[in-house]
Amino acid sequence: MTENLMDMTQVAERVAWLRSNTCLSPLDDDVLVAIATDLIPLSFQANRRLIREDTHPTDLYILKSGHLERYRTQRISMAKTTELPPGSVLHLQEILLEQPTDYTVISLDDCELWQLPADRLKQIAYEYPSLSQELSEILAEEVEELSAQLLYEQERQQELRPYLVPKVSRGVVGASRYAKRLRQSVRTAASVLPNDQGQRDPVLLFGEPGLEKDNLAALIHFGSVYKKEPMIKVNCKTLRAVDLFGRGDSRPGLLDWLGNGTLLLNNIQDLDPVLHTDILKLIKTGQYQASSQAGNAPPPAKESAAWIMMISEKSLPPFAKLAKQTIKAPPLRVRKTDIEPQINYYIQLYCRKRGLSKPQLTPEALRRLQSYDFPSNLRELDSLVQRAIEQSDCAPLLNEEVFWFASEPADRFRWNLLNTYPKLRQFLRSPWWPDRINLGFTSWFYILVVALLFLGPQTRDANLALNFFWAWWWPLILLSFPFVGRLWCAVCPFMIYGEITQTLSLWLWPRQLGPWPRQWAERWGGWILYAGFAAILLWEELWHLENTAYLSAWLLLIITAGAMICSTLFERRFWCRYLCPIGGMNGLFAKLSMTELRGQRGICSASCTTYQCYKGGPEKGEGQETGGCPVYSHPAQLVDNRNCVLCMTCLKACPHRSVEFNLRPPGIELWTTHTPINHEVALLLLLWGAVFVHRLPEIATILGVSTMVQGFGGHALATIILLFAPLPLAWLAYTFTQVIQPRLKARPLIQVSYGWLPIVLLSSLAHYLSLGLTEAGRIIPVSLASFGLASTGPVAVAHPAVIAFLQGVSLLVGAMLSILLTQRIAQQSWLKLAPLHGLTVAMTAILWQLIV
């Protein structure tokens with residue numbers, strides 16, 4: 001009896017609860033008693049699935065306590081979720097209409113449910129015929145309610161969609177203390193809980209442009225317990241009061257639609273001052289007032305439960321004062337250790353998106369990127385990585401040449417000759433430069449020169465080729481460096497035959513040419529080049545190369561063979577870029593040129609997507625079909641003239657007119673953006689020593705050791721000493737600069753050594769002027785003598801006084817320019833640099849005695 005009474009009491013309690021908390025309230029008492037009697041209590045743990053969509057239900061569920069979430073999987077968009085409160089009835093419609101379930105239900109926390117088997121519900125409906133009609137009305141009301149809710153959600157989604165932040169783009173990458181501190185700040189902000197009034201602490205994120213502060217805000221929102229709520233981002237520069245607050249009852253604002261979601265005020269420093277008061281009130285109290293129409297009474301204030309986040313490029317006192325949580329995003333320039341993992345992360349994202357194989361970043365490229373300050377921070381780094389991958393054409397390695405910076409300061413003191421002289425642009429884009437010149441003249445003329453060196457007379461006074469090589473080519477190429485830099489390399493016969501060999505070998509043996517071993521070449525190529533030039537200078541002096549025709553021919557053939565071998569093994573002009581001794585000298589002296597070829601970084605960054613100037617490709621717009629830069633240099637990435645051979649391939653390929661051929665202050669990068677290189681400085685001092693080697697007989701006479709250098713051993717020893725003497729002398733002079741004004745730190749020797757470029761170039765020219773102004777003028781009688789004819793004809797020889805005057809002027813101008821350039825590079829007091837200037841003056845004085 002007591003147990004029966006308790007059961008009746010429990011049933012009565014269940015009936016009362018069902019009538020007051022569920023949609024079953026319209027049912028008669030006897031029907032509710034029948035349902036309540038057979039309900040089975042069920043405990044359900046959090047984060048478990050209760051119902052699976054597209055299955056036939058076996059039970060009716062009534063949620064007694066806890067919270068459930070219902071959603072339907074969407075194929076083309078994110079799933080729409082609905083939170084189910086206590087009192088929700090599940091499977092009622094599906095059981096009575098015998099339909100499959102079209103939603104999935106999971107538990108958000110520990111829940112208590114009542115369970116009624118489907119068969120028992122159908123039996124109750126059979127026993128109480130009135131139940132079907134009443135349930136139909138209940139279902140109709142539920143459907144109407146769901147339709148209204150769906151309509152509201154659709155309208156809400158439509159209004160919020162333009163501002164919606166759907167997900168987090170990326171996390172905080174890196175292991176530096178800045179990255180760790182930033183991650184901890186994000187976690188702290190995400191763990192915020194509402195106060196008694198339901199408000200959450202406002203968050204202010206500030207920092208420089210390009211730091212992805214909106215992504216940090218998304219990390220906070222989606223890392224919080226409110227991640228299911230929408231997050232919207234509004235641009236404060238274009239924000240209007242009516243958009244945010246609405247207008248009366250006729251037009252809801254974003255805050256009305258947002259509910260408990262997150263409002264991200266982006267670039268709050270650009271907020272209209274008219275809105276300052278209303279936004280500050282919203283942040284402080286959570287209250288806002290809709291805009292009113294003219295003539296109407298102001299609408300009442302509303303409460304907003306939205307979480308307010310603000311983004312600014314600086315800390316603004318009025319808003320920072322109200323922000324309970326402030327996060328400062330550190331700039332990328334202070335997070336140098338995070339650059340490598342950040343780059344690898346961007347590479348992984350981009351390659352996965354495009355379905356590309358992931359390339360590796362070379363150490364040289366990483367060092368270059370770590371030396372850059374990134375004014376636009378992560379946004380600029382992301383753009384650099386994407387451009388680099390596109391530019392590298394899916395190469396396995398990303399080297400430093402595919403990274404170039406669009407945000408570097410604009411070049412000054414430049415005058416684009418292509419705009420001033422359209423015919424020059426027309427010629428450089430024509431087939432004449434350099435292809436027709438190379439294939440129509442240089443290729444066969446080079447064969448003629450080599451043949452004449454082998455078969456003709458063996459002395460310079462009777463061999464046209466030897467006279468041309470030593471009396472014409474050397475002075476003219478030295479004279480050309482200050483004007484056109486490395487222009488000779490565009491018509492160089494060594495690489496003409498290298499390219500011919502490459503084409504023929506691919507025709508005979510179709511294959512994929514090997515990629516450049518860049519890391520090895522960057523480390524050792526310059527020193528191999530240096531050793532090669534030293535060997536040439538020793539060969540020239542010890543075996544009288546300048547007056548022995550067949551030896552000069554062998555020199556030309558050896559260099560040509562190197563170009564042909566490298567062209568057979570590697571793509572493009574590997575020899576020309578890294579190993580050619582003449583190319584190394586040309587690249588060094590080209591730094592002094594008053595002209596340069598460059599690309600406009602802004603145009604390349606904004607307009608170019610194909611990188612045809614670098615990679616090559618088909619005709620596009622006014623851009624011609626090319627095979628790409630032969631030495632893998634992008635014109636917008638060039639920082640000096642060392643790696644530009646002025647072949648104008650980029651000018652022909654570019655469809656955007658980005659390429660410029662500029663007149664500029666000679667050698668301006670040497671004291672602005674130049675990066676010194678060890679092997680270049682070594683080659684510079686070697687070339688300086690070569691000028692003294694050329695005057696070994698005069699030196700031996702002055703020192704009284706002529707007899708000692710007549711034998712091969714003495715001659716070789718003296719040549720080696722003179723050739724390498726400038727290196728220890730330069731080091732000794734630099735050591736003295738560290739003693740003078742010790743509080744002022746001396747610039748590195750590798751940096752200030754470039755100040756000697758003018759004196760090395762002009763002293764070399766002074767030596768070859770005697771050949772150019774005497775023997776070059778005998779070209780006609782020498783030409784006749786080369787073919788066994790009488791060596792008669794006009795002769796144009798300068799007076800010895802004129803030659804001496806020009807040699808002296810060359811030395812004096814070279815010394816003065818070197819002193820000024822050293823001063824400009826070092827940017828230190830004259831006293832501090834006195835030892836370096838003293839070495840310049842002393843060496844010039846010695847050369848004056850030897851040459852003039």
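Colleague: Hi! I'm new to this one. Is it a predicted model or something else?

Modeller: Hello! The model is predicted. Where would you like to start?

Colleague: Sheets, please. In what order do the strands of the 4-strand open sheet come?

Modeller: The order is β1-β8-β3-β6, and the pairing is antiparallel. At the edges you find β1 (40-44) and β6, each of which pairs on one side only.

Colleague: How many bridges join β3 to β8?

Modeller: There are 6 bridges between them, and the two strands run antiparallel. Strand β8 spans residues 111-117. If you'd like a pair to look for, Ile 62 stands opposite Trp 114 in β8.

Colleague: What about β3 and β6, how many bridges there?

Modeller: Those two pair over 2 bridges, again in the antiparallel sense, with β6 made of residues 89-90. Tyr 61 has Leu 90 in β6 as its bridge partner.

Colleague: Nice. What is the strand order in the open sheet of 3 strands?

Modeller: That one runs β18-β20-β19, with antiparallel pairing. Strands β18 (415-416) and β19 (595-599) stand at the edges with a single partner strand each, so one side of each has no neighbour in the sheet.

Colleague: How many bridges hold β19 to β20?

Modeller: The count is 5, joining β19 to β20 (residues 659-663) in an antiparallel arrangement.

Colleague: Let's switch to helices. How far does α32 reach?

Modeller: Helix α32 takes in residues 757-772, which makes 16 residues. From its first C-alpha to its last, α32 reaches 22 Å, close to the 22 Å expected at 1.5 Å a residue.

Colleague: Where is the kink in α32 centred?

Modeller: The kink is centred on Ala 766 and comes to about 25°.

Colleague: And why call α32 largely enclosed?

Modeller: Because 14 of its 16 residues are buried, α32 is largely enclosed by the rest of the structure.

Colleague: How do the residues of the lining divide by type?

Modeller: In the largest cavity, the lining has 9 nonpolar, 7 polar and 5 charged residues.

Colleague: Then which residues does the cis peptide bond join?

Modeller: That bond joins Trp 433 and Pro 434, with omega about -15°. Pro 434 is found in helix α17, residues 432-455.

Colleague: And what is the phi of Asn 377?

Modeller: Asn 377 is not a glycine, yet its phi is positive, at about 55°. You'll find Asn 377 in helix α14, residues 377-392. With a relative accessible area of 0%, Asn 377 is buried.

Colleague: What about Met 648, buried or exposed?

Modeller: Met 648 is buried, with a relative accessible area of 3%. This residue also has a positive phi, about 65°, although it is not a glycine. Met 648 sits in the loop between α25 (612-615) and α26 (649-653).

Colleague: Last one: where is Thr 626?

Modeller: Thr 626 is in the loop between α25 and α26. Its relative accessibility is 16%, so Thr 626 counts as buried, the cut-off being under 20%. In space, Thr 626 and Gln 612 are 7.7 Å apart, C-alpha to C-alpha, while in sequence they are 14 residues apart.

Colleague: Thanks, that helps!

Terms used: Residues are numbered from 1 along each chain as its sequence is written. This is a predicted model: local features need pLDDT of at least 70, side-chain atom pairs count only at pLDDT 80 or more; totals for chains, interfaces and linings use all residues. Side-chain values use heavy atoms; hydrogens and water are left out. The expected span of a helix is 1.5 Å times one less than its number of residues. The bend at a residue is the angle between axes fitted to the seven residues ending there and the seven starting there. Buried means under 20% relative accessible area, exposed over 50%, partly exposed in between (1.4 Å probe, protein chains only). Two strands pair if DSSP finds at least two bridges between them. Ala, Val, Leu, Ile, Met, Phe, Trp, Tyr, Cys and Pro count as nonpolar, Asp, Glu, Lys and Arg as charged, and the others, Gly among them, as polar.
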